[in-house]
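These are my notebook entries on a structure that I had not examined before. I record what I looked up, topic by topic.

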Amino acid sequence: MEVFDFYRKDRWPHVFCPGCGNGTVMNCFYRAFNELGWNLDNTVFVSGIGCSSRIPLYINADALHTTHGRAVAFASGLKLARPELDIVVFTGDGDLGAIGGNHFINGCRRNIDMDVICINNNIYGMTGGQASITTPHDFQSTTTPYGNREYPFDLAEIAVAAGANYVARWTTRHVHELTKSIKIALEKKGFNLIEVVSQCPTNFGRRNKMGDASIMLEWFKENSVRREKARSAAVDHVDLNLAGQVTIGEFVNRDRECYQERIGVEKHGEKH
Amino acid sequence: MKPVVDLKYCKGCNICIYMCPKKCYSKGVDISPRGYFAAVVSEPQNCYNHKREGKLICELCVLSCPDQAISWHPEGEETK
């Protein structure tokens with residue numbers, strides 16, 4: 001499949017700002033999807049509201065653009081009604097963690113078969129740079145001009161605790177690892193979450209002395225710590241995130257029984 | 001194969017200049033038709049994929065370009 005068989009060329013160039021990380025995630029997803037040789041006719045892309053939720057509109061497949069935060073809820077219904085389809089959810093940090101936090105946790109708990117790619121840009125980028133639940137401590141935004149006094153959410157650890165089958169976190173600096181992770185998640189059954197820490201030079205970087213996309217990528221490179229190293233250095237994992245650092249790596253890879261196997265709707269079709 | 005920057009899509013974010021380990025790219029000096037300073041492939045002979053056929057390696061620039069502006073073309077091919 002060529003690049004513009006996968007994307008809708010008539011919509012190009014896309015609306016994302018110069019240097020936005022969403023395009024990088026699209027590239028990695030295309031590469032993983034292409035290597036697996038899957039068919040776009042059998043895949044549905046679901047998204048909520050936000051910058052990253054515009055990605056399904058650029059892909060040459062069926063898309064469900066839903067209300068704010070309810071992407072996982074709509075995707076659960078779609079999977080149970082049409083179990084032969086593959087569901088991919090593109091969502092942002094505000095969409096998945098803040099407004100749709102409850103749907104997210106219960107989606108992980110039920111372990112419904114879908115792949116969630118959460119693009120975490122640390123800010124509400126589309127509405128003008130308000131502090132979101134993942135803005136690191138002491139970082140500035142339009143609503144926290146003296147630095148964020150709160151502590152951020154750790155979406156990947158929540159998914160591990162709630163019972164997702166596969167959880168990984170990468171940044172847009174680690175493109176090859178991200179591609180590999182997306183490939184594993186697409187092949188795996190159950191609820192798979194890939195959190196991608198992405199750059200937002202326009203609204204997050206500009207207010208934190210990182211106005212250029214390459215400066216933000218350098219920041220990811222300097223501040224990302226592998227999960228195994230974070231553990232072996234006997235540093236508390238939570239502390240690492242609070243210091244503005246990013247723990248990257250594969251968080252969990254297990255085979256819990258998923259919801260549709262338990263209630264028996266899987267009989268309609270085989271998954272690839 | 002050599003990388004080619006498509007001026008129709010490039011938004012001048014310079015991520016390719018940062019990502020390339022062999023310093024193949026440099027900042028643009030001319031304004032592209034869309035009004036950005038698009039990156040230029042100034043030294044394609046440094047690229048890991050120079051004169052390589054079949055499976056390509058590295059590909060950091062193609063994977064990380066947010067605007068899908070970089071693509072691979074054979075060496076002899078004329079591109080503008």
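At roughly what angle do the axes of helix α3 and helix α5 of chain A cross? I looked this up in the model, which is a predicted one. The axes of α3 (residues 71-81) and α5 (residues 101-110) of chain A cross at roughly 40° and come within 8 Å. From α3(A), I listed A:Val72, A:Ala73 and A:Ser76 in the contact, and from α5(A), A:His103, A:Phe104 and A:Gly107.

I found an open sheet of eight strands in chain A, with mixed pairing and the order β2-β1-β3-β4-β8-β7-β10-β9. I noted β2 (62-65) and β9 (224-226) of chain A as its edge strands, each of which pairs on one side only. On average, neighbouring strands of this sheet are turned by 20° against each other, direction ignored. I also recorded that α9(A) packs on the sheet, where it touches β7, β8, β9 and β10 of chain A. The direction of α9(A) makes about 35° with that of β9(A).

I then followed one strand pair. Strand β1 (residues 43-47) of chain A pairs with β2(A) over four bridges, in the parallel sense. Opposite A:Val46 I found A:Leu64 in β2(A).

Last, I examined where the chains meet. I noted 19 residues of chain A in contact with 14 residues of chain B. On the side of chain A that touches chain B, α2 (22-36) and α9 (213-223) of chain A each supply at least two residues. The largest share, six residues, comes from α2(A).

Notes
Residues numbered from 1 in each chain as written. Chains lettered and ligands numbered in written order. Predicted model: local features only at pLDDT ≥ 70, side-chain atom pairs only at ≥ 80, totals over all residues. Contact = placed C-beta atoms within 7 Å. Axes fitted to C-alpha atoms, helices over the stretch in contact; angles between N-to-C directions. Pairing = 2+ DSSP bridges.
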